[in-house]
Structure formats: structure tokens, C-alpha cells
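The following paragraphs lead through a multi-chain model, one element at a time. Please keep the sequence and the coordinates at hand while reading.

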Amino acid sequence: MSALSAPAPGRARRTRAVVAGLWLIALVIFVLFPLVITDSTATTIAVYTVIFMAATTAWNIFSGYSGYLALGHAVFFGSGGYAVALAARDWHFKGGWDVFGLLPFAGVVAALIAVPVGLVALRVRRHTFVVVTIAIFFIFQLAALNLGFTGGTSGINFPIATFPPATYNNPFYYIALAILVISVLMSWSVRRSRFGLQLLAVRDDEDRALGLGVKTRRVKLIAFVLSAFPVGMLGGLYFYFLGQVYPQFAYDPLFDISLALMGFIGGIGTLVGPLLGALVLETLQQYFTQSVSGTGTYLIVYGVLFLAVILLLPRGVVPSLAMLWQRRRVRAATRAAESREPARRGDMAGVAR
Amino acid sequence: MSATALLQAIVDGVLTGGVYALMAAGLTLIFGVMDIINIAQGAMVVLGAYLSYELETKAGIPLLPGLLITIPAMFVLGMAIEFCFMRRVRETERAAMSILVTFAVAIIIEGVLSKAFGVDYVQLHASYVDKSIYLLGFYLPWIYVIAFVLAAVLLVALYALLYRTRFGRAVRASLQNRTAADLIGVNVDRTRMIAVGIGVAITAVGGFAFGATNAFNPNSGYDLISRLLAIVILGGMGSIGGAMAAAVFMLVINDVVAVAWSPTWAPLVFFAALVLVLSVRPQGLFGRSGVRAQ
Amino acid sequence: MRHFRRLAQVGAVLAAITVLAACGSSSNKSSSTSSSSGSNASSGTGGSSPITIGTSLSLSGDFAADGQAFERGYQLWVHDQNAAGGLLGHQIKLDVLSDASSPSQVVTNYQHLIGSNHDQLVFGPFSTLLTVPSARVAARYGYAFVEGAGGGPSVFGEGLHNVFDVTVPVKNGLVTWAQWVASLPASQRPKTAAYATVNDPFTQPQIPVAQAILTAAGVKTVLNKVFPAEVTDYTPIASQVAAAKPDAVVLGSVDVPTVSAFVHAFIQQHFNPKAFIATAGPDQGDAFVKAVGTGNENGIFVPNGWFGGLKKADSQKMVAEYIAKYGGTPSDVNADVAEAYSVGQAIAQAVAATHSLDNSKIIAYLHSGVTLNSVQGPVKFDSLGENTAGVTQTFQWQKGNLVESIPTTAAGASPPLFPKPAWVG
Amino acid sequence: MDISGVSKSFGGVKALSTCHLEIHEGQINGLIGPNGSGKTTLFNCITGYERVQSGQISFRDTDITNARPDRVFALGIGRTFQLTRLFARLSVLENMLVATQRHEGWLRSMIRRAGSASERNRAMELLDFVGIAKLAHDPAGSLSYGQRKLLELASMLVADPSVLLLDEPAGGVNPTLIGHLADRIAQLNRAGKTFLVVEHNMEFVMGICHRVTVLSQGSTLVSGTPDEVRSNPAVLDAYLGGEDDPSTPQARQPVRRPMLRKREVLGGPEPLLTLRGIYAGYGGGDILKDVSIDVPEGAITCIVGPNGAGKSTMLATISGLLRPRAGEIRFDGRVVSGKTPGQILDLGIALVPQAHSLFGDMTVRENVEMGAFTIRDQALVRKRLAAVQELYPIVKERADERAASLSGGQQRLVEFARCLMLEPRLIVLDEPSMGLDPQTRQIVFDMVALMNRQGKTILLVEQNARAGLKLSSHGVVLENGTVRLTGSGREVLEHPEIGALYLGGAAAGAAAP
């Protein structure tokens with residue numbers, strides 16, 4: 001929740017201080033993690049987790065705040081990966097820190113791709129929008145398979161990074177963490193900015209927002225491009241970490257679904273929700289897959305948990321908690337309201353509407 | 001590339017298009033009555049195919065008679081899924097929610113299938129699989145004709161059901177104006193449940209047709225659903241006629257491109273066509289322009 | 001309504017719990033597979049502390065079938081090796097992790113095996129796509145990375161010093177067959193050939209190599225199509241091939257249905273090529289015969305490093321054990337099993353030769369140009385780690401049996417059926 | 001602002017026909033008219049939510065015909081919605097800040113925090129101005145109906161538009177709040193704001209407006225000062241419904257007789273339907289409060305009352321679409337409250353709702369046959385269909401046309417035909433004449449009378465009070481969700497308070513002496 005809805009100035013300041021403190025503590029924990037826990041499995045999983053936390057946060061900047069469910073962000077993830085891979089190959093990077101220098105480039109590529117994609121997809125709403133994003137996603141996957149320069153099915157290999165094995169993951173981890181911090185800051189500043197407010201207005205009632213002078217098309221497109229940028233960088237990082245990028249994995253439908261799932265479990269439209277969702281889900285999934293051998297078993301578990309979450313707390317963990325707290329205040333508010341206007345009447349809509 | 005090849009591609013496109021039209025009809029029907037996009041439709045087709053496969057290989061029941069068992073089975077499954085999940089999807093963010101819920105159903109189905117059958121590709125076989133008829137300078141496989149005829153028959157039956165029967169009226173009524181439907185004594189909830197059941201039941205036939213012409217494994221569903229979604233959206237959500245037209249249109253494009261240019265580019269053109277059409281006509285080819293009105 | 005919803009939710013939760021429990025048990029199962037070999041170890045002779053060999057296999061996901069076959073191959077080898085006294089007198093324990101065919105997971109897994117579990121040795125995963133990222137992890141730690149199913153060019157393009165593929169490099173799959181065709185007297189030699197391959201890192205590299213040889217021999221290319229792996233309705237492509245009426249058909253396939261789809265399409269189109277070779281599928285024994293319909297398999301070629309009926313002592317021993325353990329007939333034994341088994345054999349010989357588990361020594365030894373023995377035949381690594389000694393035989397279905405036919409010089413090779421007999425329809 | 005010759009029609013129904021309207025700068029302009037006279041449609045056309053088919057709208061001699069809503073707003077024209085629309089998940093203060101216009105690049109707008117200190121202060125001032133500052137940090141969704149109206153008004157003021165279009169600002173707002181609202185508007189007007197107010201509450205309109213325009217059948221009827229308008233007979237007719245000899249209550253000498261308790265008045269036949277102490281409403285609280293009425297068998301009972309009195313809610317409760325929170329409904333001696341619409345239908349109560357309730361994509365015949373949905377005996381259905389076609393030739397003539405292609409009046413008749421298919425004992429009609437031109441309206445009323453003569457008991461709600469009451473043997477007046485008067489149709493019609501109810505206190509005063 002933004003500082004906007006802080007109850008009273010005094011309490012507001014205190015709450016803000018506490019919140020800031022918590023963020024700081026979290027950050028410190030994340031910074032120290034690989035130094036304290038050096039086990040390579042843990043750090044590897046940590047890399048993935050941080051990457052997904054950042055990606056979900058970025059996805060949330062568009063889908064969470066605008067209410068448009070985008071299932072095509074793998075387009076930006078994969079394109080970022082290819083951008084870095086191609087650049088590193090053609091400009092003969094030797095592998096190591098230098099490749100990280102290409103990440104902003106990957107982000108820009110993703111953002112540039114987002115512009116035309118957004119222009120097309122954002123013409124439609126709701127179901128149609130979702131399906132259009134999926135269609136565009138497939139277009140990119142198939143293009144990557146067929147175009148010559150993408151290396152076809154076996155894709156492109158990255159130059160081999162020359163980091164010492166013991167601490168090999170750390171550079172990737174800290175770069176990912178940096179991108180995470182950037183995305184969170186973006187998400188946070190968007191949430192509290194006028195722009196973000198307009199975005200939320202679009203989510204709640206796009207037509208009325210238009211009637212209040214919000215340039216809805218522009219706002220949506222900008223948010224779309226914004227959320228593409230970090231995802232592109234993360235793609236570059238992720239596939240560099242793996243050492244190769246190939247179509248089916250670069251443009252992976254599961255990536256799209258994962259972002260949505262992590263977002264929804266944590267609670268879309270909030271700042272913390274996506275972070276929480278990704279943190280829990282990605283970690284579980286990694287450990288889980290290692291141990292569960294039975295084909296399909298993990299699909300079933302995934303699906304059932306998924307269903308359970310959607311049916312039990314449809315708004316996600318964070319908002320569900322927030323709502324409980326809010327209800328109390330709302331009840332108070334309405335009681336107050338009633339006392340203020342005794343003969344209050346309900347909505348006159350009637351069956352006519 | 002010769003004219004015959006082109007002609008054959010077109011005929012193939014029309015025939016396979018018929019099969020896709022059937023599967024898409026189920027999807028669009030469910031959307032029409034529930035305002036839910038059933039991502040699981042693809043997985044259900046594959047499930048239907050596996051049921052036929054199981055009956056054929058284990059129980060030795062030939063494909064076509066097998067349908068008499070698979071169709072009711074899928075019907076029940078559909079109603080169950082509607083009752084357990086679809087009707088609980090809450091109104092706000094229904095689009096997003098419905099997609100997530102049905103996707104969950106889809107991966108559960110996929111998981112169950114891969115536990116039961118493994119992930120090897122299989123294909124349905126029957127005596128008539130190798131037979132073909134010679135016309136217009138090329139051989140036309142019987143299986144295509146059979147699948148197409150079957151699909152056509154079912155589509156006609158579906159049409160008749162919706163436009164000629166009491167139940168069909170109930171469906172269309174509750175689809176167009178829920179309050180009014182309530183007021184004339186239509187049990188909207190039950191109607192919806194049955195409608196979804198039907199939408200899923202026809203995937204049994206879709207599964208037969210798909211499985212006889214394609215090799216499939218538990219995760220064939222995704223490629224399928226993406227094509228079906230494209231078709232349904234292109235045809236205009238909730239419009240069965242639109243879905244049929246779009247299916248044939250898309251599959252013909254697909255096969256012609258495959259022959260004239262390259263099979264690897266065909267699917268890309270398939271989706272590009274969708275995006276192109278939508279950027280000009282957001283409500284799809286035959287959709288009422290209700291898409292923007294929320 | 002209300003309490004119905006409650007009910008459904010409770011149901012969902014219960015389901016979740018039960019399934020979790022189920023997966024819990026299955027996870028135990030997976031660990032038990034490895035511990036079972038462990039128990040073999042303890043039952044075996046000598047061996048104070050067992051040697052742990054780690055590997056990540058695709059026990060679920062796209063490669064699940066091959067992944068499981070590979071696990072069997074590894075387990076068979078572990079069993080035999082332990083029976084024969086293990087490595088340097090230590091019993092072997094296999095440490096298997098599942099990677100769900102996902103590159104990100106395979107990286108985690110090898111980090112886990114090497115970094116966390118400190119397994120002394122590692123075996124490769126299945127498929128080129130997973131070998132590339134995992135080989136890098138191994139390289140980082142200086143581990144020898146012997147694998148049996150990562151023969152794609154992208155693996156050897158890496159310039160990694162530690163990767164060894166005991167199987168013949170993918171791209172050479174069709175060479176022996178192509179050379180045989182080229183060697184035919186001009187009168188019989190096919191005039192035209194059509195190439196169709198699925199869009200896959202295993203098949204695609206093979207086509208150009210074969211095409212080059214045939215073109216050099218004056219065989220005209222009438223059709224050369226790549227089709228996407230997603231497309232599962234092959235009829236349009238197959239009819240195109242048929243329409244081109246080539247003498248020879250080269251099909252880049254990865255599985256039985258692809259081949260059977262083409263066979264059926266050819267029958268439908270009343271087209272019968274003089275020679276028909278498919279990169280994979282016909283090697284799947286009865287499954288293949290069933291799919292194409294008994295009789296139709298007759299005359300179809302398939303290149304392969306190995307097959308169940310191979311007349312080779314250790315190979316036949318392995319097949320016998322396989323059948324004893326998992327049932328079936330020799331032709332049911334997937335080549336993956338032999339590939340996995342060979343990996344074990346190569347390592348065993350290296351360890352024996354170097355008298356140590358020191359990976360650097362093992363790597364040096366494997367690069368030393370020695371020729372090792374494996375169920376698939378001789379293994380000799382070049383600087384890139386490709387197996388140069390191995391030659392792919394080409395097998396052909398003759399009267400219901402898959403027999404060695406090319407190179408015709410090979411021991412026990414039965415002359416190829418040419419031209420291909422007609423379909424039985 | 002000048003609106004000239006604007007026309008707009010949906011399907012068969014003509015919402016606006018060459019409508020003219022000037023909004024005078026610096027004044028409070030009232031826009032009144034019966035339901036379905038196109039007031040809201042006009043708003044939508046002005047603010048760019050609906051495209052006009054012909055005519056022109058200009059604002060300070062810039063043409064804004066069919067401009068996008070955001071442009072219209074940017075020009076300084078703000079509007080509120082009849083059913084308030086807010087950003088429910090944003091806090092009240094955030095709702096205010098959405099409208100703050102600042103011409104700045106998107107980058108700046110992204111970095112700068114929503115609402116600078118000054119904007120916040122301004123927002124808080126405005127919230128204070130409308131009296132909901134205390135709720136600034138509550139989610140807008142939790143506000144009461146009246147508070148929403150106020151917030152909607154305030155959120156517009158943030159952008160400081162020069163013209164404000166208010167759609168029923170007082171609709172469903174309690175009297176104290178209405179007074180508050182009126183003061184605010186007057187105050188703003190003194191500060192130079194121009195207003196266009198659509199409102200049914202005459203007291204309110206007549207109280208604050210400088211000029212009042214009456215809309216009827218989608219075109220301007222009269223325009224002038226409140227007094228001119230009030231004293232204009234045509235206006236009262238527009239409300240109470242046209243008559244062959246137009247005359248106003250003021251003209252007629254009101255029949256002064258003490259209001260009798262209804263049971264004595266409505267001796268006659270046994271009541272077919274009885275409501276006892278009904279409380280009902282939608283979420284927000286009770287709309288109906290302790291409503292008790294009798295509907296005598298074989299009679300026509302008409303319920304009248306101003307907008308928001310709870311008429312439609314009452315019908316919804318009777319037909320089972322809405323469960324009463326308390327009280328009991330008996331039909332023919334059997335308790336029906338709490339039954340489903342289907343069950344109630346089977347008992348013989350058929351409701352023809354206010355909103356167009358035909359299935360647009362079905363043919364007329366199908367629609368009518370749907371009426372007999374619960375009958376499985378096809379022979380019987382055919383028999384009934386024939387009978388209905390007898391009564392409604394249109395059902396035969398246009399049998400195979402899509403229902404949506406019919407005009408509003410025709411659709412009404414088809415709806416009647418449909419509800420007759422079950423041969424119900426009680427037919428409940430919600431505003432049957434709504435949005436119909438006088439001739440069609442007459443036809444519709446004749447039909448109602450005819451159905452009644454054929455033995456159907458009829459309960460109707462009617463905006464067009466005069467026509468409705470004239471038609472009916474019994475009248476019920478509903479106000480603020482309670483029964484205000486009951487009596488025979490004529491008694492109610494001629495009761496002086498009727499005028500008051502519709503045209504506000506002033507009119508009542510005029511009628512009083």
C-alpha cells in the first residue's frame with residue numbers, strides 16, 4: 001500500500017519508518033546471502049529466484065497496475081537473451097564481466113520490441129488481449145526457430161564465463177540483485193507517481209479514467225514498455241548464466257504462466273506480492289523438481305496447488321491480509337458514515353440496470 | 001510447386017479445418033455461456049484421443065464405436081469441471097482468473113496423462129488408415145474424409161441443438177439476457193453446466209479426429225489450444241459460425257504456406273494472420289463489437 | 001451455494017495434500033533407485049567407502065522416455081561394475097537427480113552433484129540441449145564429462161576440454177549409408193533424392209552431410225524441406241515428398257510416429273521409393289513394426305551406433321541382463337541404454353588405467369588417443385571429445401528382423417535389400 | 001455551450017431526435033424530463049462516450065462533436081455519472097488526485113509523486129468542501145451512495161473545469177445531503193462555474209437552477225426560468241402523461257377528501273397478492289421500508305412515485321429476483337416470499353421488467369415461445385401462441401424478424417405477448433410506457449386494459465402517473481421506499497400531494513390554497 005492511504009500524519013510517519021526499516025533489512029539479508037551460505041546449490045537457486053522476483057515485479061508494473069493480464073513477457077525475456085548472445089558472439093566478447101555490459105542493451109531491445117507489440121495488443125481488452133499476447137509470443141518463438149541468425153533449434157552458445165568455480169554464481173547473483181532493486185524502485189515510484197495513479201484508474205474503470213482526462217492508451221503503452229525493459233535485461237542475464245539460448249526455452253510458455261502465477265499468489269497490483277510469490281514458488285519448484293522423479297507428478301501437484309490458491313485466496317496472499325485489516329477500518333468508516341447521515345439509502349440502480 | 005500440390009493443400013486445409021472447427025466450437029460455446037476461456041480445451045482433446053487409444057489398444061474397441069463411450073465420459077467430466085471450478089471464478093478479473101483456473105486444470109490433465117501413458121508420441125490406427133481415394137490428380141486419405149464428415153455431422157447436430165431444441169433456446173436465452181431467462185423460468189445454472197458439458201463432450205470426437213491424423217503425447221494440448229484460441233478469437237468470441245469460418249480460413253492458409261513456402265513458416269503465418277486481423281478488427285471477423293464494452 | 005463452495009475448497013486442499021504425499025512417496029522412490037544400487041554396493045565384495053557418481057536425468061518432461069532409458073543403462077552398468085568389484089575396489093553408488101528436461105534445472109543439479117554433494121565423478125544428461133549448460137558446470141570444476149547423448153555440434157563448438165561423447169557424432173549418422181548409395185553402380189544408383197527433416201538438433205546436422213555425399217555422386221535433390229517439431233500432422237509434407245517421386249527418401253526423424261506417418265502417407269499416395277532411410281524410429285523394434293503395419297517395415301534403413309541384436313559379447317551380456325531385469329525382447333532394448341552403459345565403460349577403463357579418481361588424470365587419459373571398448377564398439381576421442389573410432393552401421397528391416405547391412409564388409413552383415421520391396425499396404 | 005439538432009438512436013429506439021440545447025455561461029442550467037427522454041444519452045454524447053449520428057455540439061465556438069472523452073475533459077467540461085462511477089480500489093484521496101491535470105512529460109509524471117503538497121491540500125480542501133474529508137484515506141468502494149456522489153463531484157472539481165455536467169446528483173441521496181449538495185452547487189456557481197444538472201427531484205432543480213430545459217421524447221419541450229417551466233402545462237403533462245385535454249392540477253379544483261385506510265377503500269374482491277412489512281434492498285441497505293399493500297384480484301393496481309422511490313425494487317421483490325430482508329408476500333394465500341423466480345412464475349405471476357428483456361438475437365416467434373419455456377406440451381404451446389397472435393397481430397406479422405430490430409413500442413408488445421404464454425393470473429408491468437411516444441403509449445395502455453378485461457390481475461409501475469392512474473382501479477403512491485398514499489386510481493390521481501411529489505414543494509404550495 002502506498003503512503004497515500006496512510007491514516008494520520010503521525011501514524012503515517014511511524015508506519016513509513018517501519019516499512020523502510022523492513023525493506024532495508026530484507027536488502028541486507030539478500031546482499032549477505034551468498035557470502036554466508038556458500039553452498040553452490042543454494043546460490044544457484046538463489047540466482048534463479050532473484051531473477052524471477054525481479055521479472056515478476058517488472059511484469060506487475062504493467063499487468064498488476066493496469067489489470068491487463070499479459071501472457072507474453074517471455075517475448076522480452078527471450079529476446080533479451082538472444083540480444084546478448086548475438087552481440088557477444090558477433091562482437092567476440094571473451095566471456096566474463098564484459099558480457100554483463102550488454103544487459104542494458106538487452107533491456108533496450110526488449111523495450112523497443114514492446115512498442116509495436118503494445119500498439120497492436122493494447123487495442124483490445126480482457127480475454128482478447130490475453131490471447132493476442134499469446135499469439136505474439138508464438139510468433140516470436142517460431143521466428144527464432146526459423147530465422148537463420150538465431151541458430152535454429154540448437155540456438156546460440158554464450159562465451160564461457162571465467163569465474164572461479166567456488167564463487168562462480170556470485171557475479172550473476174549480484175547483477176540479478178541489482179536489477180531486482182532497480183525493478184522494485186521502478187515499481188515503487190510508478191505506484192506512488194501520478195502516472196501510476198492513472199494506471200490504477202485504468203484498472204478500476206478505464207472509461208471513467210478517460211473521462212477524467214487520462215490518456216489511457218499512452219499510459220498503458222508506457223507501462224507495457226517499462227515492464228519489458230527489466231525483463232529483457234533479466235533474460236540476457238539468465239541465459240548467459242545457462243550458457244546457451246534456444247527457441248523452445250527462450251520463448252517458454254511456462255515462463256509466462258509462472259510470472260502470472262507468482263504474481264497472483266503473492267497478490268498482483270501490490271509491491272511485495274510479486275516478490276513473495278516468486279520467492280516461494282521458484283525456490284520450491286527447483287528443490288521439488290530435483291527430488292520428484294515421477295513423470296507428471298509434479299505437474300499434478302503444481303496444478304492442484306495452483307487451483308487451491310486461486311480458489312482459497314483469489315486476491316493473493318498480501319491483499320487478502322491487507323483486506324482483513326482494511327475491512328475493520330471500513331466497518332468503522334461506514335458506521336461513522338451511518339451516524340453522519342441517519343436515513344442513508346442504498347444504490348437506486350434497481351433491476352432496471 | 002504444381003497446381004495439384006496447391007489444390008491438394010487447399011483440400012487438406014479445408015478437411016483439417018473442419019476438425020479444428022469442431023474443437024473450436026466447443027471452446028467458443030463454453031466462452032459464450034460462461035464468459036470463460038477454457039485453456040484446458042486442448043488438454044481435453046488430447047485426453048479424448050487417449051481414451052480412444054486406450055479403448056482401441058487395451059479393450060480392442062474400434063475407434064468409431066469407442067466414441068459412444070468417450071463422448072459421455074467427456075460430457076460428465078465437463079460438467080464436473082464447470083461445477084467445481086468454472087462457476088466459482090469470481091466476477092472481477094474474470095478474464096484473468098478463468099484463464100489461470102483452466103490452465104491449472106490443463107496441467108493436471110497433462111500430469112495425469114503422462115503418469116498413465118508416458119510422454120512417447122502415439123497415434124490412433126484403424127483399418128481404413130492407409131486407404132485413400134484418387135481425385136483431381138492426387139490421393140486423398142480416407143481418414144481425413146472420415147474425420148471431416150464426422151466433424152461436419154457434429155457441427156450440424158450442435159447447430160440443431162442450439163437453434164432447434166428447447167434446451168438450445170435455454171442456452172441462448174441465458175447467454176443473451178440472464179435476468180430475462182430467470183424470469184421465464186430457465187434454470188440458468190443447470191443450463192450452463194450442461195452447455196459446458198457439451199462443449200467438452202465434443203472434444204472426444206475432436207480427440208478421435210486429431211489422434212487419427214496426428215501423432216500426439218500428453219503435452220500436445222498446448223500447441224493445440226494456442227491454435228484453437230487463435231481461431232476462436234479470430235472468428236469472434238462466442239460466435240460458433242465465426243469459429244467454423246476462421247478454422248477453415250486459418251488451416252487453409254497454414255497448409256498453403258506449408259506447400260508454397262515452407263512448413264516451418266506456416267504456423268508463424270497462422271498467428272500473424274490473427275494479429276493482423278485483430279489490429280484492424282478488434283472484435284474479430286464475426287464478433288459483435290462487444291469486446292471493448294466491459 | 002455457499003457451503004458448496006466451502007466443500008470444493010476443502011476438497012481442493014485435501015487433493016493438494018494427498019498429491020503432495022504421493023509425490024513425497026515417489027521422491028522416496030527415486031532416492032530408493034539410487035540407494036538400491038547402494039545396497040548392491042554393500043552386498044558386493046570389498047569397498048569401504050562407496051564411490052558416488054552423480055548424474056542428472058530427464059525423468060519427466062520432453063525427454064522423459066530417453067531419460068528413463070538412460071537411467072536403466074547407468075544402473076545396469078553400476079550393477080555389473082559392482083559385481084566385478086566396483087572401481088578401484090570401491091563399490092559405486094549412483095546419485096540421480098531429475099531435471100524435468102529443463103536447462104535451468106540441469107545447471108542446478110550439476111551444481112548440486114559437484115558443488116554440494118562432492119560426487120567423485122559425473123555422467124552426462126540426455127540430449128544436446130541439456131549437455132551444453134551442464135558440461136560448462138563440470139568444466140568449471142575440472143570434472144571429466146563423459147556423456148552418451150550430447151553429440152550435437154553445439155556441444156563440440158564449445159571448445160571445452162572435458163567433454164567426451166562415447167557415441168558417434170550426430171552429424172555423421174547417415175555417412176555410411178550415403179557412401180554405400182554413392183558406391184552403387186551408376187545403373188542402379190538412385191537418380192533423385194528427397195530430404196525432409198524435423199526441426200531438431202539431432203536430425204538437422206545429419207542431412208547436409210548426407211546430401212553433400214549424394215550430390216557428389218550425381219544424385220539430384222528434388223526436394224529439401226524442414227518441418228517444425230510442433231507440427232504433428234505430417235501428411236501434407238509426406239504427400240509433397242511423394243509428389244516429387246524421388247528414388248531415395250532421406251527422413252530426419254526423431255521418433256516412431258514421424259516415420260509411420262510418412263510410411264502411411266506414402267502408402268496412401270501409392271508411392272514406393274527405391275531406398276528409404278529414417279534417422280530414428282525404425283530402431284525402436286516391435287513398436288515400429290506395429291506402427292507402420294507388419295510387412296511395411298521391410299526394406300527400411302536406419303543408421304545407428306547400436307542395436308539389441310548386435311553380435312558383440314558385452315553387448316549381448318548387457319541385453320540379457322536388461323531383459324532379465326525389465327523384460328521384453330532384444331529389439332525392445334532402446335539404444336539409449338547402450339549409450340548410457342558405454343559411458344560407464346569408458347569411465348571404468350579410464351579409472352582403471354589411471355588408478356585414480358582424479359578427474360584431470362581421467363581427462364588427460366581420455367584425450368591420450370587410446371581406443372576404449374564399449375558395447376557400442378570402439379571409442380577413440382579426438383581433441384574435441386568426439387568419438388572418431390566409432391562407425392555407425394546402417395541397419396535394415398529384412399523379413400521382420402532388423403539386421404546389420406551396411407557397411408557390407410562388416411562381420412555378419414547381410415546384403416541390403418535394394419530396391420526396396422513394395423508396401424504390403 | 002451549444003447543442004444543435006443532435007440525434008442518436010439505439011437499435012429501434014430513438015433516444016435523441018434533433019435535440020437543441022444552449023447552456024448559458026455562468027448559470028445553473030437544469031435539464032428535466034421523464035424517464036427515457038434521453039437526458040443521460042445527451043450527456044454521453046456531449047462528453048464523447050457515445051457518437052452522435054447527426055447534429056453538432058460546440059463549446060465556446062470550438063466544435064467538440066464526437067471528440068474523445070479525455071479531450072472534452074481537457075477543454076474544461078466535467079461530468080458525473082447517474083450510477084456513480086469511482087475507482088473503487090483507490091482511496092478517496094487518490095480518487096481526487098487522478099483528475100489533477102498537469103501538462104508534463106510522462107517521464108516527469110512518472111518520477112513525480114502523485115499529488116504535490118499543493119494538490120493534496122487542494123484535494124483535501126475540496127473533500128472538506130463537500131464534507132467527506134474525514135474519509136480521505138478509506139477505499140472509495142466503502143463509501144455510502146450519497147458520499148460517492150459527493151466524491152464524484154469533488155474529484156471533478158480538482159481539475160477545475162469551467163462546465164460541470166451532473167447526472168442526477170440528488171438521485172438516491174437523503175434530504176439532508178441534498179440540501180448540502182444544493183448549497184455547494186450554488187456556491188460553486190457564484191465562483192463562476194457553469195452547470196448542467198439532470199435531476200428528477202424538482203424541489204432541487206427548481207430551487208437552484210436559473211434556467212430549466214424540459215426534454216421529452218428525445219427533443220426539447222420547453223426552456224425557460226423555473227417559474228415559466230413550472231407554470232407550463234405541457235411540462236406537467238410530460239411528467240404525469242399527456243391527456244386529450246391538457247390541464248394541470250392547479251387548473252383543476254382538487255377533490256378534498258380525507259385519505260381513508262386502504263382496506264376500507266379497497267373492499268371489493270379478495271386481495272390476490274398481499275405484501276406485509278416488506279424490507280428489501282441491494283447491498284447498500286434497505287430501499288423498501290415496511291411496505292404493505294394489497295393487490296385485489298381482477299383489478300389494475302398502479303404504483304406511482306418519484307424516481308428512486310423503490311418501485312422497481314418492489315416488483316423485483318415480488319417476482320423473486322430480490323429476496324426481501326423481512327416481511328411476507330402472499331399470493332393467493334400462499335407465501336411466495338423467498339421462492340425462486342421460476343417457482344413464482346409457475347404460481348402464475350409474470351413480470352415484464354423495465355429494461356428491454358427480449359432476447360435480441362432470437363426471432364419474435366422464438367421470443368414469444370420462450371414465454372412458454374416451462375410448458376413441455378408443444379400442442380398447448382402452439383394453441384397459446386395462436387391465441388396470443390390473435391391478440392397481438394405483430395407477433396404473426398414480424399414472426400421471423402430479430403427482436404432487436406423492432407421499435408421500442410413493438411418490443412413492449414412482444415414482451416406482453418411473451419408473458420401471456422403462461423396465462424398468468426397476475427401480470428406485473430414495470431414502466432410499460434417508458435420511452436414510448438404518445439401513440440404507442442396509448443396502444444400499450446389499451447393492451448393493458450384489454451388483458452385486464454380478459455381477467456388478468458395487473459400490477460403496474462408507471463412514471464406516467466396520470467395515464468397509469470386513469471387506467472387503474474387502484475393506486476399506490478410510493479415515496480422514499482414507504483407507502484405514502486393508497487386509494488382508488490382517481491382519488492390518488494386527484495390528490496393534491498401528487499403534484500407536490502412530482503414537481504417539488506413549490507407546486508404543492510401552488511396547489512394548496
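Strand S19 (residues 474-479) of chain D has 5 of its 6 residues buried, so this strand is largely enclosed by the rest of the structure; a residue is called buried if 20 or more other C-beta atoms lie within 10 Å of its own, exposed if 12 or fewer do, and partly exposed in between, with C-beta atoms placed from the backbone. Strands (E, at least two residues) and helices (H or I, at least four) are DSSP runs, numbered from the N terminus. The model is a predicted one, in which local features need pLDDT of at least 70 and side-chain atom pairs count only at pLDDT 80 or more, whereas totals for chains, interfaces and linings use all residues. Residues are numbered from 1 along each chain as its sequence is written, and chains are lettered from A, and ligands numbered from 1, in the order in which they are written.

S19(D) is joined to strand S13 (residues 300-304) of chain D by 4 bridges, in parallel, and here D:Ile303 stands opposite D:Val476. S19(D) is also joined by 6 bridges to strand S20 (residues 482-488) of chain D, and these two run antiparallel, with D:Gly475 opposite D:Gly487. Two strands count as paired if DSSP finds at least two bridges between them. S19(D) and S20(D) form a hairpin with 2 residues between them, and in the turn D:Asn480 has a positive phi of about 50 degrees.

D:Gly327 belongs to strand S14 (residues 326-331) of chain D and is partly exposed, with 17 other C-beta atoms within 10 Å. Leaving aside neighbours within four places in sequence, D:Gly327 is in contact with several residues, among them D:Leu275, D:Tyr279 and D:Ser337, where contact requires C-beta atoms, placed from the backbone, within 7 Å. Chain D as a whole has 21 helices and 20 strands, and buried residues make up 53% of its 513 residues.

Chain C holds another open sheet, with 5 strands in parallel pairing and the order S2-S1-S3-S4-S5. Strand S2 (92-98) and strand S5 (163-165) of chain C stand at the edges with a single partner strand each, so one side of each is left without a neighbour in the sheet; the twist averages 25 degrees from one strand to the next. Strand S3 (residues 121-123) and strand S4 (residues 145-147) of chain C pair over 2 bridges, with C:Val122 opposite C:Phe145. Helix H4 (residues 128-140) of chain C packs on this sheet, touching S1 (51-57), S3, S4 and S5, and its direction makes about 150 degrees with that of S4(C). Helix H12 (residues 335-354) of chain C lies across S3, S4 and S5, at about 140 degrees to S4(C).

Helix H3 (residues 103-116) of chain C has 13 of its 14 residues buried, so this helix is largely enclosed by the rest of the structure. H3(C) is followed by C:His118, whose phi is positive, near 50 degrees.

Chain A comes to 14 helices and 2 strands, and 62% of its 353 residues are buried. Among the residues that touch the most other members of the largest nonpolar core, which has 503 residues, are A:Leu237, B:Ala24 and D:Val428; such a core is a set of buried Ala, Val, Leu, Ile, Met, Phe, Trp, Tyr and Cys residues joined through C-beta atoms within 7 Å. A:Leu237 is in contact with A:Ile51, A:Leu103, A:Phe172, A:Ile175 and A:Ala176, leaving aside its neighbours within four places in sequence.

Between chains, 43 residues of chain B are in contact with 40 residues of chain A. The largest share of the chain B side, 15 residues, comes from helix H4 of chain B.

Conventions
Contact = placed C-beta atoms within 7 Å. Axes fitted to C-alpha atoms, helices over the stretch in contact; angles between N-to-C directions.
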